[in-house]
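Work through these exercises with the sequence and the model side by side. Try each task before you read its solution.

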Amino acid sequence: MTDQPPPHTPSSGSGEPDPSDPSSQAGGPGHAGPPPGWGPGMPPAGPSSGPAAPPPGWDPAQGAWGAAPPPQGWAFPPTGGYPPGSGPYGGQPWYPGPPVGWYPPGHGFDPNDALVTPPGAGIGGWFDRCGGALRRGWRQLVPIMLLTQVLPAAVLSVVSLGLDPSAKWAAQAESTSTPALPDNFAAELLSLLVLLVGGSVVVGLVQAVGWAAGTWVITQQAAGQPASLEAALRYGLRRALGLWGWTLLISLLIGVGFCFCVLPGIYLAFALSMAGPVYLFERHNPIGRSFRMFHDRLGLLLGRVALVAAAVIVGTLIPGALEGIGTSPLGTDPFSSAGTAAGAVVVIGITAVLALPAHLAQMIGLLVTYAEQRAHEAPVNSAGLAAELG
């Protein structure tokens, strides 16, 4: 007999743990529990069923259940980058930012700039900016071109026609049977050459006023700033003398080039086409800078300047032909009478006005081409160019 209670004997065949047994409580020592993945209806592992296969996710090297097996095609370390949709940022969409090479307004060139054609815009962007410059500034540009380009050219043509001694030379040749030079031929020819050269130099100074004034108007308007006709002419007068001097030197170089089989003159005309805008905006070494621009982007600048040259040639040849047709009925000496003289002046004036589009095309086309060349060198916009003009 003893005072101790009899030992507990689990009931056999019940299959249920005894609630009074501490080892059967959840979390108690020695309780393993069913492995993950076990569910109702699955046969319990026992000694008669043989060794149980590890459940999915089991890693023998780690001795624990890990993550799901890697996707097919995965290699570690990765040799060709992360598979699609994986990696540290897999499946994240690209951030909708601006395209590469874009600069915010005021910090470089703007793809929508009114004057500067950004790299990659092509000939379409160049034409758009040329047309936009004409639409914005024609009210100021047309009077400037009439005063500084058309009127001086018409006056020079009228004076040259009035002092042309060729009609007198033809009359003297018809009055004599022996071939001989007309009287005072050398002196009259020299006087005519001096008139043409001197008149062209004076006209060039007036034209320089118009080039500078028109450039200022186009640039100011592209930057969104006011540009009155009076202010433009004041700017043109202030910058005309320097531009005129460089223009004379460039014209001399091109003329010498044409004396050597024409082709060198054509080359110099293209290579020095940016010298005027370079002087106005940069004020330093316009000839060297124009050569460098031409050779750095030969195809681009050659194509743009060729379009401008074609427009100028067509725009001047047609009025010139019309002037010849209009003055031919007036005789070899239109200024021999008041009626024919008035007719000659009217014809020359009308044909000079018809050349106005050629002057506009030359100025606008070369300015927009210069701005495009600057954009290829560094980011630039209309506001920056307007500040450079001063």
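**Exercise 1. A residue and its contacts**

Leaving aside its neighbours within four places in sequence, which residues is threonine 219 in contact with?

Solution. Bear in mind that this is a predicted model.
- Step 1: Find the residue. Threonine 219 sits in helix H3.
- Step 2: Skip the neighbours within four places in sequence, then list the contacts. Threonine 219 is in contact with Leu115, Phe281, Leu367, Ser382, Leu385, Ala386 and Leu389.
- Step 3: Check the accessibility. Threonine 219 has 0% relative accessibility, so it counts as buried.

**Exercise 2. The chain as a whole**

State how many helices and strands the chain has, and give their order.

Solution. 
- Step 1: Count the elements. The chain comes to 11 helices and two strands.
- Step 2: Read along the sequence. The pattern is β-β-α-α-α-α-α-α-α-α-α-α-α.
- Step 3: Look at burial. Of the 390 residues of the chain, 32% count as buried.
- Step 4: Look at the contacts between residues at least 6 apart in sequence. Of these, 68% join residues at least 24 apart.

**Exercise 3. The nonpolar cores**

Which residues have the most contacts inside the largest nonpolar core?

Solution. 
- Step 1: Take the size. The largest nonpolar core has 52 residues.
- Step 2: Name the residues with the most contacts inside this core. They are Leu115, Trp216, Ile218 and Ile364.
- Step 3: Ask which element gives the largest share. Helix H10 (residues 356-377) does, with 10 residues.
- Step 4: Look apart from this core. Another core lies there, of six residues, among them Ile250, Leu268, Leu272 and Ile287.
- Step 5: Return to isoleucine 218. Residues up to four places away in sequence are not counted. Isoleucine 218 then touches Leu115, Ala133, Leu141, Met363, Ile364 and Leu367.

**Exercise 4. The largest pocket**

Describe the largest pocket by its volume, its lining and the classes of its residues.

Solution. 
- Step 1: Give the volume. The largest pocket has about 1,400 Å³.
- Step 2: Sort the lining by class. There are 28 nonpolar, 12 polar and no charged residues.
- Step 3: Find the elements. Helix H3 (185-222), H4, helix H5 (263-271), helix H6 (275-282), helix H8 (298-327) and H10 each supply at least two residues of the lining.
- Step 4: Pick the largest share. H4 supplies it, with nine residues.

**Exercise 5. Residues separated along the chain**

Is glutamate 230 buried or exposed? Is alanine 352 buried or exposed?

Solution. 
- Step 1: Judge its surface. Glutamate 230 is exposed, because its relative accessible area is 57% and the cut-off for exposed is over 50%.
- Step 2: Relate it to glutamine 140, 90 residues apart along the chain. The C-alpha atoms of glutamate 230 and glutamine 140 are separated by 9.3 Å.
- Step 3: Judge its surface. Alanine 352 is buried, because its relative accessible area is 13% and buried means under 20%.
- Step 4: Relate it to glutamine 149, 203 residues apart along the chain. The C-alpha atoms of alanine 352 and glutamine 149 are separated by 9.0 Å.
- Step 5: List contacts, not counting residues up to four places away in sequence. Alanine 352 touches Val150 and Ala154.

**Exercise 6. Positive phi**

Where are valine 262 and asparagine 285 found?

Solution. 
- Step 1: Recall the rule. Most residues other than glycine have a negative phi.
- Step 2: Take valine 262. Its phi is positive, near 70°. Valine 262 is in the loop between H4 and H5. At 41% relative accessibility, valine 262 counts as partly exposed.
- Step 3: Take asparagine 285. It has a positive phi of about 50°, although it is not a glycine. Asparagine 285 is in the loop between H6 and helix H7 (286-296). With a relative accessible area of 37%, asparagine 285 is partly exposed.

Notes: Residues numbered from 1 in each chain as written. Predicted model: local features only at pLDDT ≥ 70, side-chain atom pairs only at ≥ 80, totals over all residues. Heavy atoms only, no water. Buried < 20%, exposed > 50% of the residue type's maximum accessible area, 1.4 Å probe, protein only. Core = buried A, V, L, I, M, F, W, Y, C linked by side-chain atoms within 4.5 Å. Helix = DSSP H or I, 4+ residues; strand = E, 2+ residues; numbered from the N terminus. Contact = heavy atoms within 4.5 Å. 1 Å grid on protein atoms, 1.4 Å probe; cavity = no way out; pocket = protein on both sides within 12 Å on 5 of 7 lines; lining within 4 Å. Points joined across faces, edges and corners; volume = space filled by probe spheres on them. Nonpolar A, V, L, I, M, F, W, Y, C, P; charged D, E, K, R; others polar.
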